[in-house]
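Me: Got a model open here and want to talk through the ligand site. Can you take a look with me?

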Amino acid sequence: MTSARVSQRIGSIAESATLAVDAKAKALKAAGRPVIGFGAGEPDFPTPQYIVDAAIEAARQPRFHRYSPAGGLPELKAAIAAKTKRDSGYEAEPSQVLVTNGGKQAVYNTFATLLDPGDEVLLPTPYWTTYPEAIRLAGGVPVEVFAGPEQGYLVTVDQLEAALTERTKILLFVSPSNPTGAVYSPEQVKEIGQWAASKGLWVVTDEIYEHLTYDGVPFTSIATAAPELGDKVVVLNGVAKTYAMTGWRVGWMIGPADVIKAATNLQSHATSNVANVSQMAALAAVSGPLDAVEEMKVAFDRRRKTMVGMLSAIEGVNCPTPKGAFYVYPDVRGILGREIAGIRPATSAELAALILDKVEVAIVPGEAFGPSGFVRLSYALGDDDLAEGVGRIQELLGTAK
Ligand SMILES: Cc1ncc(COP(=O)(O)O)c(C=O)c1O
């Protein structure tokens, strides 16, 4: 008999740092503290009304009160295939689509379906906090490939090549990126895709921020830019960020039919179909216009500029201007070790804790996404809160420029 209460596999998973920061900020707020949270990765806008109406209509129909196919409603799968052709230029049959409980389950399903124990995944770093955990849960090994602000947080083919081994199976590609907001140029996307194809790798591409790019920078799908990849591509996406639908929990994966069939088998035992009402809301979203995201983008763009300007004014902070998503990822290594309110934070985790403690502003330390020395702030919150929150950080840390 074993005395272990929690299995090693599950016991070794770290709590989602971004959700933890968000939860702490919300708890302090509920306790009456004037906390400003920059932790959450969700738009502060309501879901567009026509999408909500589609959900209400679906909830009235008894057929949506029942189980539906584990892989997704056929009409939604067809609409996702059509939307992917429209936005990514990538052609897929509805049978190549699996509708999941948010993009997160698509990430989990993909690694569980593709990885055997010991298989390696090239993971451009800083990475979204869920990826390494999903890779490890599948028995895989995340291989971090770090790109700092001096290279725009963009990995190069030379770096990927240096990290390649005989066990490498997958390259994970994310542009626009969470947490850095970095966006690869069409040429860079093509070069990386062609390199991956030449090595026989799979590419898993997370396109959830496809509609959030700024300064006229285009989104480029690696699946389309590098047709040499053939069918060794899995496209991950969802409605959360584009349509302000984080709480509805609809995402998807698109891949070769055999992989999708296997992933659907997995999902059929884990969660079955995504809630039908949410799927019908997602159907209205993906088959409708992109006006709402264009409106949100105007606000995000304004906030992005405010935030970069205010953070850059702090001595020791290097805040590159992100070209996509809704995060800034300043380099705070120039602050660490300096005395702030009687404390000398040695790591970005200590700095984030100090900022929460002294001025009640929640930010996510770089340790959640790779090495220490950086922090992530979401600018998907109201203009006034944003200015107030960054203003408090400025007061604590001091502006010099
Ligand atoms: C890069 C990236 N992929 C996927 C997701 C998953 O989003 P959801 O599970 O809410 O659909 C997120 C959410 O933060 C993300 O940042």
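Me: How do the residues of the shell around the ligand divide into nonpolar, polar and charged?
Reply: Five are nonpolar, three polar and four charged. Keep in mind that this is a predicted model.

Me: Which residues are around the ligand?
Reply: Gly102, Gly103, Lys104, Trp128, Tyr131, Asn178, Asp206, Ile208, Tyr209, Ala240, Lys241 and Arg249.

Me: And which helix gives the most to that shell?
Reply: Helix α5, residues 102-114, with three residues.

Me: What lies 2.6 Å from an oxygen atom of the ligand?
Reply: A backbone N or O atom of glycine 103. Two side chains come in as well. Lysine 241 has a side-chain N or O atom 2.7 Å from a ligand oxygen. Arginine 249 places a polar side-chain atom 2.7 Å from an oxygen of the ligand.

Me: How much of the ligand does the protein bury?
Reply: 92% of the 390 Å² that the ligand exposes when taken alone.

Me: Switching topic. At what angle do α12 and α14 cross?
Reply: Roughly 10°, with the axes coming within 10 Å. Helix α12 covers residues 291-312 and helix α14 covers 383-397. Angles under 35 degrees count as roughly parallel, so α12 and α14 are roughly parallel to each other.

Me: Which residues make the contact?
Reply: From α12, Arg302, Arg303, Thr306, Met307, Met310 and Leu311. From α14, Asp383, Leu386, Ala387, Val390, Gly391 and Gln394.

Me: How do those divide into nonpolar, polar and charged?
Reply: The contact of α12 with α14 has six nonpolar residues, three polar and three charged.

Notes: Residues numbered from 1 in each chain as written. Predicted model: local features only at pLDDT ≥ 70, side-chain atom pairs only at ≥ 80, totals over all residues. Heavy atoms only, no water. Near = heavy atom within 4 Å. Polar contact = N/O pair within 3.5 Å; in protein donor to acceptor, adjacent residues only side chain to side chain. Areas by Shrake-Rupley, 256 points an atom, 1.4 Å probe, with all protein chains shown as cover. Helix = DSSP H or I, 4+ residues; strand = E, 2+ residues; numbered from the N terminus. Nonpolar A, V, L, I, M, F, W, Y, C, P; charged D, E, K, R; others polar. Axes fitted to C-alpha atoms, helices over the stretch in contact; angles between N-to-C directions. Parallel < 35°, antiparallel > 145°, perpendicular 65-115°, else oblique. Contact = heavy atoms within 4.5 Å.
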